[in-house]
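Subject: Structure handover

Hello,

Here is the structure for you to look over. My notes follow below it.

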Amino acid sequence: MAFETILVEIEEGIATITLNRRDVLNALNSQVFTELAEAAENLAVDDSVRAVIITGGDKVFAAGADIKQMALLGAVDVAIGLRPSKIAFERLENMPKPVIAAINGYALGGGCELTLAADVRVAADNAQFGLPEIKLGILPGGGGTQRLPRLIGAGKAKELIFTGDLINAEEALRVGLVNKVVPADQVLAEAKKMAKKFVSRGAVALSLAKACINEGQRMDLEMGLEYEHKCFSLLFATEDQKEGMKAFVEKRKPNFQGK
Ligand code: COA
């Protein structure tokens, strides 16, 4: 996959998307969003890919949407021109494979929102998170007002969004914004380690578990439990379920085929 503002590399079933606008701290312009949306669409249906990592490289994740580009936009331009950001985030969020954000340095505004579209977040001890849009006279429009409160609760999300203040990795871990904090030079390795563990599990079970959690957030508890029961039942029609339970009985590791 050849893109200009992102790099996509696939190795041992794990695709790594690297944001590639280093000179502007990976500021996310409309081209990045369009390319991210296309990459996510391709990776979702690529059978050789079992997990996706998204990173900004070893210095910075992303310092937000491109303010210089946004400064020139009117409401209609945003409604049309920034639509790919919504599409990109939703494709990553709904991809039937695990998506891990590997975060070094700043993850601000749209950068922070991009990490929220991932399933799990691994952060460097030097990472900084924030939704500073309020300081620009706007609000977090890449899912921040929706995904952040669902992840860390409305109270803390409101504090971050209303103040625009940044928090460090330790605080992000404490409030549940990130899953893990590791030394800065180990972020990508840790994300790959996590991805490999996900890949070693039954891919059908994992994708349905992801669907249950994501879809469940759009349902009331009763409907969510019903949806879960249907997905659970469906798994008993898979080879992976037979293999997983047979392996347990035979006291060996399962060899899942994702079928
Ligand atoms: N949009 C466009 N360009 C950005 C950017 C953004 N969100 N964030 C950084 N850049 C650019 C800077 O304009 C600068 O480019 P220049 O060298 O051509 O002037 C370059 O990236 C380096 O940024 P700089 O501000 O010099 O780095 P710093 O280390 O002093 O500060 C930040 C880093 C992240 C604190 C600062 O860049 C910042 O506040 N960025 C905006 C954060 C934000 O409000 N994000 C939400 C957007 S909705």
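A polar contact here is a pair of N or O atoms within 3.5 Å; within protein, one must be able to donate a hydrogen and the other to accept it, and residues adjacent in sequence count only if both atoms are side-chain atoms. This is a predicted model: local features need pLDDT of at least 70, side-chain atom pairs count only at pLDDT 80 or more, and totals for chains, interfaces and linings use all residues. Residues are numbered from 1 along each chain as its sequence is written, and side-chain values use heavy atoms, with hydrogens and water left out.

Ligand first.

A nitrogen atom of the ligand sits 3.0 Å from a polar backbone atom of Ala63. Ile67 brings a backbone N or O atom to 2.9 Å from a ligand nitrogen atom. Lys68 uses its side chain: a polar atom there lies 2.9 Å from an oxygen atom of the ligand. Taken alone, the ligand exposes 870 Å², and the protein buries 58% of that. Accessible areas come from the Shrake-Rupley method with a 1.4 Å probe; for residues, only the protein chains shown count as cover.

The shell around the ligand holds 17 residues, and Val24, Ala63, Ala65, Ile67 and Lys68 come nearest. A residue is near a molecule or strand if one of its heavy atoms lies within 4 Å of it. Helix 2 (67–70) gives the largest share of the shell, three residues. Helices (H or I, at least four residues) and strands (E, at least two) are DSSP runs, numbered from the N terminus.

Six strands form an open sheet in the order 1-2-3-4-6-9, with mixed pairing. Two strands pair if DSSP finds at least two bridges between them. Strand 1 (6–11) and strand 9 (180–182) stand at the edges, each with a single partner strand, so one side of each has no neighbour in the sheet. The twist averages 20° from one strand to the next. Axes are lines fitted to C-alpha atoms, for helices over the stretch in contact, and angles run from 0 to 180 degrees between N-to-C directions.

Strand 2 (residues 14–19) and strand 3 run parallel, joined by five bridges. Ile14 has Ala51 as its bridge partner in strand 3. The chain crosses from strand 2 through helix 1 (residues 30–45) to strand 3, and this β-α-β crossover is right-handed (with the strands pointing away from the viewer, the path from the first strand over the helix to the second runs clockwise).

Strand 3 (residues 51–55) has five of its five residues buried, so the rest of the structure largely encloses it. Buried means under 20% relative accessible area, exposed over 50%, partly exposed in between (1.4 Å probe, protein chains only). Ala51, Ile53 and Thr55 point one way, Val52 and Ile54 the other.

Four bridges join strand 3 to strand 4 (residues 99–103), again parallel. Ile54 stands opposite Ala101 there. Strand 4 is covered on both faces: Val99, Ala101 and Ile103 on one side and Ile100 and Ala102 on the other are all buried.

Strand 4 also runs parallel to strand 6 (residues 120–124), through four bridges. Ile100 stands opposite Val120, and Ala101 opposite Arg121.

Best regards
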